[in-house]
Amino acid sequence: MTDHETNAAALPRLNEPAPDFTAETTVGRRSLEDFAGRWLVLFSHPADFTPVCTSELVSFARMHSRFQDIGCDLVGLSVDSRFAHIAWIRNIEEKFSVTVPFPIIEDVSMRVARAYGMVHSEASDTATVRATFVIDPEGILRAMLVYPMTTGRNVDEVLRLVQALQVSVSYRAATPEGWRPGRNVVATPPETVLEAAERVAEGGECRDWYYSERHLSTD
Ligand code: BEZ
């Protein structure tokens with residue numbers, strides 16, 4: 001039996017194709033390939049009608065347009081049924097005055113959860129942990145965050161993560177701690193003695209051979 005056929009956590013690997021899925025959601029059947037050509041944040045939560053999950057869903061819903069503005073779709077998932085999801089998002093609309101505009105996958109069979117290593121048996125055999133996967137427009141897994149049940153995610157940080165990944169792909173640069181759009185990026189480390197010497201000779205924003213900032217022109 002493989003890890004994916006058990007409840008064991010087997011996280012997919014970064015920079016490899018994200019596990020394929022087809023699943024029923026609150027807006028109909030969706031497959032990974034439906035999101036091809038756009039960035040995708042796929043996030044799981046332990047259960048519907050729980051406080052931390054609700055606070056996260058409200059925040060993802062409120063920030064949905066900011067994700068759309070950067071070409072990124074959102075998809076939620078829990079092992080509850082889509083009927084529970086529908087009741088939950090209707091309740092959120094009533095109590096928090098926010099519409100959840102993105103699909104939430106029903107994963108009663110845990111097929112998607114297992115493929116993505118969202119079930120960690122030390123936490124629960126029957127609920128997904130708070131896992132977040134960022135998948136690029138080619139379907140490659142670029143980042144993942146795994147939080148325990150008791151700690152809510154920061155949706156602003158998820159947005160920042162997607163923005164940072166997009167900049168790294170577009171400019172072949174890396175983003176330093178706390179980077180925000182508009183701030184300097186850093187050049188990836190030189191790989192040869194010659195490249196190191198060239199970096200130093202550049203002067204400018206080069207603090208030393210291994211630490212060289214770059215200003216991105218947005219013109
Ligand atoms: C919550 O979302 O509030 C939650 C879910 C499972 C365990 C603890 C908290």
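Q: How far does a polar side-chain atom of T50 lie from an oxygen atom of the ligand?
A: This is a predicted model, in which local features need pLDDT of at least 70, side-chain atom pairs count only at pLDDT 80 or more, and totals for chains, interfaces and linings use all residues. Residues are numbered from 1 along each chain as its sequence is written, and side-chain values use heavy atoms, with hydrogens and water left out. A polar contact is a pair of N or O atoms within 3.5 Å, and for the side chain of T50 and the ligand oxygen the distance is 3.0 Å.

Q: Which residue has a polar backbone atom 2.6 Å from an oxygen atom of the ligand?
A: A backbone N or O atom of C53 lies 2.9 Å from a ligand oxygen. The distance of 2.6 Å, however, belongs to a polar backbone atom of V52.

Q: Why are helix 1 and helix 3 described as roughly perpendicular?
A: Helices are DSSP runs (H or I, at least four residues), numbered from the N terminus, and axes are lines fitted to C-alpha atoms over the stretch in contact, with angles from 0 to 180 degrees between N-to-C directions. The axes of helix 1 and helix 3 (residues 82-96) come within 11 Å and cross at roughly 75°. Angles of 65 to 115 degrees count as roughly perpendicular, and therefore the two helices are roughly perpendicular to each other.

Methods: Polar contact = N/O pair within 3.5 Å; in protein donor to acceptor, adjacent residues only side chain to side chain. Parallel < 35°, antiparallel > 145°, perpendicular 65-115°, else oblique.
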